[in-house]
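Work through these exercises with the structure open beside you. Try each task before reading its solution.

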Amino acid sequence: MQSRPLISCLHVAPALVLVLTACTTTTRIDNYQRSSMGAIEHGEAVVVLREPHLAARETENDFIDCVGKALSRSDDALRVIPRGEFVDGMYPYFEDGTAPVSVEGVSKLAENPVARERMAGMNLRYLVWIDGFTANVDGTGSMSCAISPAGGGCLGWTAWTNEGAYTAEIWDLKLGIEAGSFELDARGTSHLIGLLVPIPLLANVKGNACSAVAHWIAFSVRGG
Amino acid sequence: MLPRRVHKIPFVMFAVLMAGCSTSPVDLAVETNIPAPVLAPLPLTVGVHYGDDFLQWVFEDEAGEDWVWRVDTRQAHLTLYRSLLQSMFDRVVELPAPFAEQADVTAVLVPQPVTLQLALPELSPVGAFEAWVRYRIRLLDPVGEVLDEWEVAGYGQQGSAEFGGGRKTGIAEAIDRAHRDLGARLIFGFAERDEVRNWLCGALAPAAAESLRDSGSALRCDPVAAVTPGAASAETGEVDEDAVTTTD
């Protein structure tokens with residue numbers, strides 16, 4: 001008599017489909033507003049900065065850098081100034097405690113000839129402020145791992161949900177207006193399955209939010 | 001009778017146990033990467049005195065129940081103040097004492113560290129490494145009389161999730177950001193102090209004071225506010241009306 005394997009393909013396939021679909025991320029764009037924003041012209045630059053918050057949770061710098069890089073990759077013609085390069089080059093005018101709170105503040109900054117000259121050298125057209133962060137909001141399940149002289153392994157399952165909420169505000173420095181804004185939500189559940197070895201199935205919530213934010217910034221500054 | 005060494009064993013064990021329970025300090029030497037400020041320097045020579053309390057300052061802070069931080073910011077704050085002052089003034093003279101016997105300076109600045117506070121992510125309300133730094137700044141006239149004294153603070157935050165470094169890296173990054181924030185606030189706050197503005201504007205030639213408006217300097221010399229150095233009493237801050245000059 002032929003013995004049946006303990007775990008057949010019929011068992012594995014639905015489980016695999018379940019976990020693969022379970023760790024997907026959803027992103028949702030909301031409240032997209034765009035005023036009379038002109039399309040970016042050749043040679044003009046965009047910079048993405050985090051909105052300053054004092055003694056409150058700040059947007060992670062790595063997220064801002066990720067958006068800047070994704071924006072740069074989205075269109076070779078789009079010149080993106082890295083965040084660090086911009087804030088260092090404009091020190092001390094774009095620090096958390098000193099950054100302009102309105103587009104008029106940037107115009108006022110341009111009255112300072114040293115700052116104006118530095119900004120002119122950058123040919124900056126759009127300044128994008130990002131606010132928000134990704135956080136762990138839920139968790140379930142349990143997993144235990146053990147090790148002994150005979151061997152070791154993990155057994156169990158755990159899952160956690162990450163949620164990201166971001167807003168972007170786009171200033172057109174050439175026209176001196178707040179040219180657009182949008183909100184973006186992202187959510188995803190990651191799993192860690194212990195089948196002797198721990199198998200991580202991670203939902204890339206922050207990465208997907210980064211790509212989506214960059215996409216909508218590119219869409220906005222290119223004139224739609 | 002037991003040998004003397006045997007008598008010592010319980011004491012040695014007790015000492016080992018106590019050492020195991022006690023909190024060992026975490027030594028951290030902080031550096032700063034402050035960029036050169038985008039400023040037009042004032043056409044003045046100022047002195048700066050870094051006292052022993054500045055040069056030897058090493059801070060100890062209990063950031064958590066099991067952690068005592070011994071933070072050495074000496075190199076960081078020296079770099080910070082040198083960079084800031086060199087961008088704010090044409091010439092800066094480092095003085096061995098808080099007065100200038102021979103150097104021809106308009107005023108002498110004396111920065112003094114007041115406090116450094118740290119928070120680890122598990123104790124921080126925002127779940128991040130946080131640092132607050134505070135300095136007292138004294139502005140003295142060339143003979144050492146106090147013209148003004150104020151405090152300036154800086155805040156820095158480093159998200160705990162965004163980097164793979166340990167606690168030392170997180171705290172060092174938060175302190176660096178706090179220094180950077182402090183630098184920005186010092187530059188802008190400096191020019192807003194009435195006594196400071198009056199003293200420096202008074203020391204400038206009228207044409208130089210007038211030209212500040214279009215120069216990109218953080219200092220603005222209000223034509224009616226400029227006072228000749230020496231006109232303000234160091235103790236009372238009262239101004240001799242005869243010494244008031246306009247920069248028009």
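**Exercise 1.** Find which residue's side chain meets that of D88(A) in a salt bridge.

*Solution.* The model is predicted. Start at D88(A). Its side chain meets that of R180(B) in a salt bridge, at 2.7 Å from N to O. The cut-off for such a pair is 4 Å, so D88(A) and R180(B) qualify. Next, take the count: there are 2 salt bridges between chain A and chain B.

**Exercise 2.** Describe the side of chain A that touches chain B.

*Solution.* First, list the elements. α2 (61–74), α3 (83–89) and α5 (113–122) of chain A each give two or more residues to this side. The largest share comes from α5(A), with 4 residues. Then sort by type: 11 residues are nonpolar, 5 polar and 8 charged. Finally, look at the whole interface. 24 residues of chain A contact 23 of chain B. The buried area is about 2000 Å², and carbon and sulfur atoms give 56% of it.

**Exercise 3.** Work out the strand order of the sheet in chain A, and explain why β1(A) and β3(A) each have one side without a neighbour.

*Solution.* Trace the 6 strands: β1-β6-β5-β4-β2-β3, in an open sheet with mixed pairing. β1 (25–34) and β3 (79–81) of chain A stand at the edges with a single partner strand each, so one side of each lacks a neighbour in the sheet. Now check one pairing. β1(A) runs antiparallel to β6(A) (residues 177–201), and 8 bridges join them. Within this pair, I29(A) stands opposite L184(A).

Note on methods: Residues are numbered from 1 along each chain as its sequence is written. Chains are lettered from A and ligands numbered from 1 in the order in which they are written. This is a predicted model: local features need pLDDT of at least 70, side-chain atom pairs count only at pLDDT 80 or more; totals for chains, interfaces and linings use all residues. Side-chain values use heavy atoms; hydrogens and water are left out. Contact means heavy atoms within 4.5 Å. Buried area is the accessible area (1.4 Å probe) that two parts lose on being put together, summed over both. Ala, Val, Leu, Ile, Met, Phe, Trp, Tyr, Cys and Pro count as nonpolar, Asp, Glu, Lys and Arg as charged, and the others, Gly among them, as polar. Two strands pair if DSSP finds at least two bridges between them.
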